[in-house]
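Take a look at the fold below. Keep the sequence at hand while you read.

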Amino acid sequence: MKIVFATNNRNKLKEVQAIMPENIQLLSLKDINCTEDIPETRDTIEGNAIQKVEYIKTNYGYDCFADDTGLEVEALNGAPGVYSARFAGPQRSAIDNTIKLLKELEKKDNRTAQFKTVIALQLNGTCYTFTGICKGKITKSPKGEGGFGYDPVFKAIDYSQTFAEISLEEKNIIGHRGKAVKQLIDFLNKY
Ligand code: IMP
C-alpha cells in the first residue's frame with residue numbers, strides 16, 4: 001500500500017517511516033510534485049492537520065495523511081500551541097522559537113508542558129483524526145544534538161534527558177507523533 005504523508009519535513013518523514021509496517025510505503029510531497037507551502041491557517045492543531053489533507057485531495061487528487069504538532073505550555077496558557085512554528089516570527093526558526101520560549105518562562109516555576117500531535121487521514125471520502133500527547137517539562141537550557149524544533153528543551157515525564165538526547169527509536173515510543181502514528185497504523189491495518 002502506498003500512501004502520501006503530506007509533509008516537507010525530512011525529520012518527520014524519517015520518524016514516521018521508521019515505525020510504518022513494511023507493506024506501507026510512504027510517498028512524500030516531493031514524490032507527488034507538490035513543492036508549494038500548504039496553507040496552515042486554522043486556529044487549532046486539528047484544524048491545520050485537516051486543512052493539509054483537504055488541500056492535497058483537492059489540488060492533487062491523492063488520499064493522504066498529514067500531521068500538525070504544537071507545544072502547549074501550562075504557564076503560558078497553552079501557548080505556543082497551534083502557533084509553535086511561528087512563535088518567534090514568520091521566519092519559523094527553531095532556535096529563535098526556543099530562545100523566546102525560555103525567555104517567557106524565565107521567571108516561572110511551573111514548567112509543565114506537552115506536545116500534541118493530530119494526524120488527519122483522508123481516505124476514500126472520509127477524514128479521520130488520531131491524537132497523540134506526550135507530557136513533560138521545559139528545561140532551563142537546551143541540551144542535545146538530535147531531534148528538531150523544541151526537542152533540546154523538552155524532557156518527557158520521568159526522563160532525565162531531553163528529546164534531543166534520546167534515540168529516534170525511544171522518541172517514537174514515548175513521543176506524541178509516535179503515539180498518533182501507532183493509532184493510524186492500527187486503523188490502516190484493520191481497514
Ligand atoms: P508542525 O507540526 O510542523 O506544524 O510543527 C509546529 C512546530 O512544532 C514547529 O516549530 C516544529 O519545529 C515543532 N515541532 C513539531 N514536532 C516536534 C517534535 O517532535 N519535537 C520538537 N518540536 C516539534
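Predicted model: local features only at pLDDT ≥ 70, side-chain atom pairs only at ≥ 80, totals over all residues.

Residues are numbered from 1 along each chain as its sequence is written, and side-chain values use heavy atoms, with hydrogens and water left out.

The largest pocket has a volume of about 900 Å³. Among its 36 lining residues, Asn 9, Lys 12, Glu 40, Ala 85 and Arg 92 are the closest to its centre. A pocket here is an open set of points on a 1 Å grid over the protein atoms alone, where a 1.4 Å probe fits, with protein on both sides within 12 Å along at least five of seven lines; lining residues have an atom within 4 Å of a point. Its volume is the space filled by probe spheres set on the points, which are joined across faces, edges and corners.

Which elements supply at least two residues each of this lining? They are α1 (10-19), α2 (45-60), β3 (64-73), α3 (94-104) and α5 (176-190). β3 gives the most, with five residues. Helices (H or I, at least four residues) and strands (E, at least two) are DSSP runs, numbered from the N terminus. The lining of the largest pocket divides into eleven nonpolar, 13 polar and twelve charged residues. Ala, Val, Leu, Ile, Met, Phe, Trp, Tyr, Cys and Pro count as nonpolar, Asp, Glu, Lys and Arg as charged, and the others, Gly among them, as polar.

The second largest pocket has a volume of about 160 Å³. Thr 7, Asn 8, Asn 9, Arg 10, Leu 13, Ser 28, Leu 29 and Lys 30 line it.

Now the helix pair. α1 and α5 pack at about 45 degrees, with axes 10 Å apart; axes are lines fitted to C-alpha atoms over the stretch in contact, and angles run from 0 to 180 degrees between N-to-C directions. Lys 12, Glu 15, Val 16 and Ile 19 of α1 meet Arg 177, Gly 178, Val 181 and Ile 185 of α5, with contact meaning heavy atoms within 4.5 Å. These contact residues divide into four nonpolar, one polar and three charged.

Last, the backbone. The peptide bond from Ala 79 to Pro 80 is cis, with omega near -5 degrees. Pro 80 sits in strand β4 (residues 80-81). Asn 124 has a positive phi, near 45 degrees, and lies in the loop between β5 (112-123) and β6 (126-138).
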